[in-house]
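The sequence and model come first.

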Amino acid sequence: MIGQTISQYKILEKLGEGGMGVVYKARDTKLDRDVALKFLPAHLAASEQDKARFVQEAKAAAALNHPNVCSIIDIQEHDAPDGAGKQMFIIMEFVDGTTLRKKMETLTGGTQPYPTKQAIEIAIQVADGLAAAHEKGIIHRDVKPENIMVRKDGIAQVMDFGLAKLRGTISRITKAGSTVGTAGYMSPEQVQGLDADHRSDIFSLGVMMYELLTGRMPFKGVHETALMYEIVNVEAEPMSAVNPELDPELDRIVYECLQKDPEERYQSVKEISRDLKRFRRESSKARMSKTFPVQSAARLNAAAGRAPSRVSPGASGSMPEGVSTESGVSEKPSRGWLLWSVGTLVAGMAIIASLWQPWETPATSSRPVTRVTIRFPENVQIPIGTQGIDISPDGKFISLLVQSGLEFSLFLRPSDREAIEPVLGSVAPYGNVYFQHFSPD
């Protein structure tokens, strides 16, 4: 069809193809703009049921006006080639971007976690788009990365409402008792052929967030029947067990989305958006609070005529770009705000130690610059909200309060050699320990 002009639209190139349509990029010759045309496949054109679903998609999406939903312009028919009768097509907004699935494959190979900050931004936008649909009584029923377009400017848009239905109705297009959706992303009620409401979209959004943040699906049956059994009966492995660098709050948000019983899930997709935005805001505040004290201490150090102590977080805790080099912290690519905040904390404590050391005389307070690399054991992280690091008064040891699974424990790292050893008897249950400190002597 490339090169043909249908109605006022000149078809330029094929963009993609799915079960419910073939999509082309076209030029609107009247309004001089690019659009996307979605054609009902020829093998479905004769089916009244498929035609009705195609029209339903257009009506569902056309009822929405939201920046995170791909807008519908019109729906028309044209004479199909070879005298095959009328062929329906939807005229949609042309999104200059790519699907989230392709973005995932490009950035991570499809098997590694998506960058956390970007994943949260996309999840917020998808939640906002779904919230707009739910307010109109429209349930998407097929939320997955393939149905999310990410524009070049970073805006994510929900598209493909081919399986959508109006809340409070039993779809005449998909009879009650049949499964609707994509295996792996369906809610337990969809798998069982039960009537699905807006909370089914919440479950599917949870599956998508789990995949983004861990690089793997929460349910992994080797075939479709086993997969559906897991969705209905098996709890997903906690995300923190798959990706230990994730904040526990993200684990909680996704866990609440993936509850088997719709009554135990989030009851509104707006709540998910609200919690994700709060997490994003508080994470930003945490980064600022960790950075500014180090910069202030460095300025005090300079005013006092002292050289700042320097601590390099090393391979497991590098600092982000943009942190002031006045603090003496080397700038290296970051693996995540949690680990680089640890490096910032170490640098700040080292600077404070150089400013105030009441247990030493002036004759012994001057020390050479010391660089320390901290390499964490596997599946270990500094827990948020704790005093994760302390430096001994003589500068010979660094203590680490770390979390592994649901346990806290202490580790010691001598400053003169790269070794980290557990402190025997220091294991405590999660949430029971928040502070640790060396005695002055």
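## Basis

This is a predicted model, in which local features need pLDDT of at least 70 and side-chain atom pairs count only at pLDDT 80 or more, while totals for chains, interfaces and linings use all residues. Residues are numbered from 1 along each chain as its sequence is written, and side-chain values use heavy atoms, with hydrogens and water left out.

Seven of the eight residues of E3 are buried, so the strand is largely enclosed by the rest of the structure. Buried means under 20% relative accessible area, exposed over 50%, and partly exposed in between (1.4 Å probe, protein chains only). Helices (H or I, at least four residues) and strands (E, at least two) are DSSP runs, numbered from the N terminus.

E3 runs antiparallel to strand E4 (residues 33-39), and seven bridges join them; two strands pair if DSSP finds at least two bridges between them. Val 23 has Lys 38 as its bridge partner in E4. Four residues lie between the strands of this hairpin.

## Positive phi in two loops

Asp 32, in the loop between E3 and E4, has a positive phi of about 55° although it is not a glycine. Asp 32 is exposed, with a relative accessible area of 55%.

Ser 7 also has a positive phi, near 55°. It lies in the loop between strand E1 (5-6) and strand E2 (9-18) and is partly exposed, at a relative accessible area of 48%.

## The sheet E7-E9-E10

Three strands form an open antiparallel sheet in the order E7-E9-E10. Strand E7 (97-99) and strand E10 (156-158) are the edge strands, each pairing on one side only. E7 pairs with strand E9 (residues 148-151) over three bridges, and Thr 99 stands opposite Met 149 in E9.

Helix H4 (residues 116-135) packs on the sheet and touches E9 and E10; its direction makes about 35° with that of E10. Contact means heavy atoms within 4.5 Å.

## Helices H3 and H6

Helix H3 (residues 100-108) and helix H6 (residues 198-214) pack at about 15°, with their axes 11 Å apart. That makes H3 roughly parallel to H6. Angles under 35 degrees count as roughly parallel, over 145 as roughly antiparallel, 65 to 115 as roughly perpendicular and the rest as oblique. Axes are lines fitted to C-alpha atoms, for helices over the stretch in contact, and angles run from 0 to 180 degrees between N-to-C directions.

Leu 100, Arg 101 and Met 104 of H3 meet Met 208, Glu 211 and Leu 212 of H6 in this contact.
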